[in-house]
Amino acid sequence: MSRVRIRRAAAAAVAALALTTLPTAAHAAAAPGAGVSARPPHHQQQQQQAETIRQIVLQGAVNVRDLGGYRTWTGGQVRQGLVYRSDALGKLTDADVTTVSGLGLTKVVDFRIPTEVQYDGADRLPAGLSPTARPVSDLGLYGTLVAAIGSGDPVAQEQMLGGGRAEAYMRDIYRTFVTSPENRAQFAATLRELADGRQGPVLYHCTSGKDRTGWMSYVLLRALAVPEDTAERDYLASNTFRAAYDARVRAGLKQSGRMQNPDLLIPLQEVRQDYLDSATAQLEADYGSFYGYLTQGLGLDLRALAKLQTKLVR
């Protein structure tokens, strides 16, 4: 790329990032429904068709999506077929593996910690594709959850998860997405790979595909100048995709006698605006703005941000 093209691309990235910081009041009111961008009425039907969330339907994973299709403030659109977000892939069927093979993935990034991989199993992937371990801390949540369920003691489970403690745990986890240098390094490395023009389609995931994966997706979409409310709806859509599966998990725990009150798990199974707000409030406190988080917190310079725009937005 020539110096002139680099400067132009960088300027476009700066403009895009500036636009993502417009006050929420400047956004048009959003119509209900996941994946529909807030736009003036005469654009709404076209945008709804263009921005429907694209789920990859599998039997062994319920929260697999193509992040492409979203419109940006600069009039572009996130390219399809380049970035996928997912829950864990260890329970894929043979048919699922065939479907995943059709995505043409060149890299799979696994944000799970080793304990999660040990309990839930390594990813099942097409031949020739191995996951890249890039663990992001859950502050011990997975171990706490295993201990709480394994105890079979309703009093101990209430003490661990009840009284708002599960919600507080989740808010703390989201803050560490911003405050932990190790976590920031994992997210930054993934963004740099996504910006690499030599890198083909990438999928990243954690266990449920909603918290670490949700934050990664939120950050990526906003870095691409997707409106904040649209990025939030993509994040919150995990509740829709996971609801039936998570309800079955709770029912199974109750029927097996391992949990008398499995609804204690709901704050851990869901994504909530409150959790996301904990992370965004932390980045504003630490870095002043989303742009500050990208450049100072994640160490992405204008060249890297421009490469993200060039590769992922058309």
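Student: Why does phenylalanine 111 count as buried?

Tutor: This is a predicted model. Buried means under 20% relative accessible area, and phenylalanine 111 has 0% relative accessibility, so phenylalanine 111 counts as buried. Tyrosine 204, at 0% relative accessibility, counts as buried too.

Student: Why is the ring pair of phenylalanine 111 and tyrosine 204 called tilted?

Tutor: Rings pair if their centres lie within 6.5 Å; planes under 30 degrees apart count as stacked, over 60 as edge-to-face and the rest as tilted. The count of aromatic pairs comes to twelve. In the pair of phenylalanine 111 and tyrosine 204, the centres are 5.9 Å apart and the planes are at 45°, so the pair is tilted. Phenylalanine 111 is in the loop between β4 and α4 and tyrosine 204 in strand β6, 93 residues apart.

Student: What makes the pair of tyrosine 174 and tyrosine 235 edge-to-face?

Tutor: The planes of tyrosine 174 and tyrosine 235 are at 85°, with ring centres 6.2 Å apart, so the pair is edge-to-face. Tyrosine 174 lies in helix α7 and tyrosine 235 in helix α10, so the pair ties together parts that are 61 residues apart in sequence.

Methods. Residues numbered from 1 in each chain as written. Predicted model: local features only at pLDDT ≥ 70, side-chain atom pairs only at ≥ 80, totals over all residues. Heavy atoms only, no water. Phe/Tyr/Trp six-rings, centres within 6.5 Å; stacked < 30°, edge-to-face > 60°. Helix = DSSP H or I, 4+ residues; strand = E, 2+ residues; numbered from the N terminus. Buried < 20%, exposed > 50% of the residue type's maximum accessible area, 1.4 Å probe, protein only.
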